[in-house]
Structure formats: structure tokens, C-alpha cells
Amino acid sequence: MAPPAAQCAWGLLLTFAFYMGSSYTDSVSALPHHNYCIIGAGPSGLQMAYFLQRAGRDYVVFERSHAPGSFFALYPRHRKLISINKRHTGKSNSEFNLRHDWNSLLSHDSRLLFRHYSHDFFPEADTMVRYLEDFASMLELRVQYNTAIIHVKLERDSQAWNGHYFILTDHNSQNYRCSLLLVATGTWVPNVVNFPGSEYVEGYESVSINPEDFAGQTVLILGRGNSAFETAENILGVTNFIHMVSRSRVRLSWATHYVGDLRAINNGLLDTYQLKSLDGLLEGDLEDLAIVKDKKGKLHITLKFYLENSNSSAGAESITLPQDELDNFATRAPYDRVIRCLGWKFDFSIYNRSLRLMPGKGNKKKYPLIKPSYESRGTRGLFVLGTASHSIDFRKSAGGFIHGFRYTTRAVHRLLEHRHHGVPWPASIYPITQLTNSIIKRVNEASGLYQMFSVLGDIILLRENATVFEYLEEYPVGILAELELHTGKKAHNGLFVIIMEYGKNFSGADKDVFYYNRAVGEAQHAWQSNFLHPVIYYYKRLPTEREMRLRPPDWPLPRPDAVHHIVEDFLTDWTAPNTHILPLRRFLENCLDTDLRSFFAESCFLFALTRQKLPPFCQQGYLRMQGLVGNERLRHYAVEAGLLEDHTVMHSTDELLGGQGGSHDQLLKDHVIPGSPLHHLVNTKDEL
């Protein structure tokens, strides 16, 4: 038995431990708590806040600056956006017009369309800042400004939604507890390459934007993207010459069909290079370079291994330069200034290791590693939105830009609504006879399909032995195998997936996208379409996760049971009866083994007498006494087309009415018009 003193000490120790544990529990439970915490009040953060507010959820947005859109308050440095603001399309359909509005966020308020803020095709960045301020204030979004989140960690708790809470700490050491974390900070940390002499390099984020500061100077720009060319465009007319160096060749957006590649608005230096006006482009690995500064302040480009073989204490004049051995070395002329324009990367520094938020691989290492559902691969309940989520479709689609991530953000919100609140993915149910019309309507209007091609798709779930279907809009096709888990919808009877695609061999930095006969116009060659066009995949059952992993390279989906391409169209208007609609309808009929046409009551009556299986239109209409009702105009058309006999020349109105009072128009309104036996359809025009 322990002595009394030892027992007393042990009791005091237990009491202290209990007190400390209870104090910690009380302090944690006293933290400000929100179900949803959004870091960043940029476009994606505000977009998610809008959806959460409309759904009545508990959320808060943390913004380090005093106003939303702090990135656009600084960048682009020369204040001209490259996102188009097409105010006129010739159409009044608001969904269609969003296809060509790359700046507006989604909302119910038509006043918050960007076309009301600027008439410029390429707007000013300050206009975007003003727009985002109005979006947050007019919709009364709950944004906590001047709150910089500097640390995020996990706290395990079995009662939490995902088995843990997120503990956020701001710059004032205030802690917040969140059930779910939505990261919308974008990519704002400058990419920097370290090499000998890199201290002489000026960064895009701080270099002067006054062209007069570069008058008569020779400039080297490191980088090959829009920020590099934007910088060059600003000083092109005042410098001696400009050289650009990057590890890869220039990628032109009109060749790659990727909006993040070089845009035509910034490519003036390509003209001066190819027309031999002193400026030029070079390829080389920046990590192999070195910069040496001479006594006159001039900057000389050399290679790292020359410095390694030289005396480090020797002066710049004694260091061997490439032109000492190769007298026509491309960058042998000294430069007055070297500017770094290498883009941005995600800030991983604020996330504790417990979150396991890791960078991607290869050219995606500047983005966090996430699933196709936009959830972190390392931590459940942590979602990445906006530009930082671009690893899902980098160099493929528009997910890194407002006109793309406004739709992926909505998709994430729908996933969360089902996971945590039991709200199924929004869907509409139609009779199978409306299948063709529903697809045609969406591919001609939907902006989400159009901008997030190959990433978001419409899902059609067949129901009740394919007599009705359920239509789900803009679902992330990368998680198609998990459809039932994420939407609450079953796919027991087969499904169609509608997405937009470019031709397989039409996009790329080395592709000639202007070659002769580049367009496909015949429906039978639709699968060879090059430009953006609708593609319909048919599956008899939902693909498995294994099939998704093993799908062919560059295929957005696994190999289907059947696939149909709607031929590309110069006007992106897929409404041509023979070229677009008829082939689509025949494809759907072959998949469903049914007839999707609409018929007059006379034809349905004939089918009922001569066929064992009636077309769905007759089953759902005629047999339920919902057949097509005749009128005077329709009767004349049918007579002129030879589909009906002209009975009016054989009988008087009184005879048809059987002596009862009433007009001829009333007869046509209340009765199905008799007609001749159904004529055989002899061409595609008749079939339509």
C-alpha cells in the first residue's frame, strides 16, 4: 500500500489532469462554430456563399482584405482582363447568353450580370472588383473581412459530420470551428525559380508598369504565359528589344482550345519576332541559367555549369560566358533588366500536416491534389473551389476561370446538399417521348455543358421500363461510378450521358487548326467532328469505378454500349431537322428499341389494330384519350399533304353534326378528324 503522501500527490495529479482536460473541452466547445467555412471572398468563394445562403445553411466567408476580390485589386498588373464580355448574341435566352459571358457569377438577380458593369469586350480589372463588391453586398452574403486565416488543423470528434472538425486560426489568434471547409483562396503565390544571380530578377508582382521606365532598355522576360506577354505588350514600343525564355514552346489558345494559354490580345511580340523586328523567343530550362552582373550594371546570361567551373570569388569580368566559346550564342547581348513572369501557385503553408493536403504531380504540382468531386484526397470534408481546383481539368477545360468554376462550384454545393442534408440532386421527370427534345434543348442552350466540356455532363436515367426518364443537369462525369451515392438517384434501367467534346486530334500546340476542309458537315461523319460538339454516351448499367480508372486515354468516360456524335455546326446551333435531330432520334430509338416519333390519333388507332407494341406516344397519349386534337388549320395542312381526305366536300356541316346545333369550328375542336389509312414514310422529311 502506498504511503499517504504518495496517495495525496497521486490524487492531486489526477485532479489537475481532469481539470486541464475539462478546461480544454470547454474552450473548444466555446469556439465560434459554423457548419460551412469558406476561406477567400474571391469569385468562387462568393459563388459558394450565394448557394449556401439560398439553401439557408450556416456558413461564413473569411477574407483577409477589407473587400472581396483582393486578387483582382492587384492583378493583372496592367489592368486588362482576358475574359470576354460579349454583351450581344442576338438571342434573349439568358442561359445561352452565359455561354459568352465569362465574368458573371450565377444568381437570381439579373442586375448582377457583368454586361451591366462594362461595355468593353475585355473589361478592366477594377470593374471586376466593383462587380464582386456589389455581388457580396446586394445579396447580403456573410463575409468576415480583415480576417486572415493563418493556420488550419484537424480536431477528431466522432460526433462531427466527417469524424473531425476543422480548427481555423486567424491573424489575431482567434480560433473558429467548422464542420466542413471550403478553400477558395485561388493561386496567388508567385512561382519562383532559384538559380545563381536570381536576386537580380524583378518579379511580375512588383515590376514597374510605366513604359517610360523601360525606354531604350534591353529586357529579358522569363516565362511564356499571358502575364509574360502582357508585360511585353506594355513595353513593346519603347524597348530596344525583348527576349523571352521558357522551358516549353508557346501555346496559343486558339490552337489548344484552352483559355489559359496565350490569348490573341497579348501576342504582339509574336508579330515582331516572326517579322524580324529584333524581339525573339527562346526555349531553355530556367534552372540551368545563371545571371552575372558586370561593373556597368549590365546583366549577362550564362549557364550554371560555367559558374561551377569558375572561381566563385572572381569578378564578373573573369567568369567564362557561353559566347567566349560559341561566338553566336543567342543571348550574348547584355540585358538591362530581367523580369520573372512564371504564374502562380497554391499556398500550402497555412495547412497543418494533419490535413494531408498535398500538391499534385508534374505540371499540376501548383494545385492541391483533389478528387473529381473536388474533395481533398487526404481529408474528408475539405473541398477546393475555383482556380485552385483546376487540377481536375488543367489544360483541358475552363475550370480555372470564372465562366467554368461558377458551374463546378454549383455542382459541389449539390453534392454537399445530398451528403449532409439529404437533398437529392435536382432532376426533372419527363415521358420518354420528350427525350429527343430535352437533349436538343440542353445542347443548344446550356452554358455549364458548353464551358465545362468533358467535365460536367447531363445524366438521363431511364425509369419504368424506359417509358419515362429523369434528367439531371451538370453532374461531374469523373464521379459517374458514384452517381447513386452522390445524388440519391438509382440507375437500374440504363442511362445516357450528354457532354461536349472537341475532336480527339484537333487541339494542341503543334496542331494546324486552320487546315483546309477542317469542318465536318455530313451526319454520317459526325464522329470525325473537330470543333466543339455534343456527344451522347449510352450505358445499359452504371459504369464501375474500375471501368472509370481503366478508360481509354483522353476519354472522359469509359467505353459505352453505344455512342453518338451530333455533327459539329458552324453556328453551334444543333437544330437542323435532317442533320442533327433525325440522327439523334434514330440513335435513341436503337438504344431503347422503341419509336420516339409523335403521331396523329388516326395513326395510333391503326397501330392499335395492327401491332403488338405501340409507340410510346400512342401509349401515353392516344390510349389515355390524350391524342392530338384537330383544328381547321391542321386539317387543311393534312389534306394538302395528302394525309387526309377532304370530307367536307362529301358532307354538309349539318349532316356531320347529326342535326344538332353547333358550328363547323366546334366540330373540329371537339372531335378527332377522320382520315385515310396511314401512308408509308418514304423519306426523312416525312419521318420528321
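**Group meeting: a sheet, a core and some rings**

Okay, so let's start with an open sheet of five strands, in the order 8-14-9-10-11, with parallel pairing. Pairing here takes at least two DSSP bridges between two strands, and strands are DSSP E runs of at least two residues, helices H or I runs of at least four, numbered from the N terminus. At the edges sit strand 8 (202-203) and strand 11 (280-283), each pairing on one side only.

Quick housekeeping: this is a predicted model, with local features needing pLDDT of at least 70, side-chain atom pairs counting only at pLDDT 80 or more, and totals for chains, interfaces and linings using all residues. Numbering runs from 1 along each chain as its sequence is written, and side-chain values use heavy atoms, with hydrogens and water left out.

Back to strand 8: two bridges join it to strand 14 (residues 337-340), running parallel. Glutamate 202 is opposite isoleucine 339 there.

Next, the core. The largest nonpolar core has 88 residues, and Leu168, Leu182 and Val497 touch the most other members. By core I mean buried Ala, Val, Leu, Ile, Met, Phe, Trp, Tyr and Cys joined through side-chain atoms within 4.5 Å; buried is under 20% relative accessible area, with a 1.4 Å probe and protein chains only.

Now rings. The whole structure has 28 aromatic pairs, that is, Phe, Tyr or Trp (six-membered ring) centres within 6.5 Å, edge-to-face when the planes are over 60 degrees apart. Tyrosine 204 and tryptophan 344 are edge-to-face, 6.1 Å centre to centre and 70° between the planes. They're 140 residues apart in the chain. Tyrosine 204 is buried at 5%, and tryptophan 344 is buried too, at 16%.

Terms used
Buried means under 20% relative accessible area, exposed over 50%, partly exposed in between (1.4 Å probe, protein chains only). Rings of Phe, Tyr and Trp (its six-membered ring) pair if their centres lie within 6.5 Å; planes under 30 degrees apart count as stacked, over 60 as edge-to-face and the rest as tilted.
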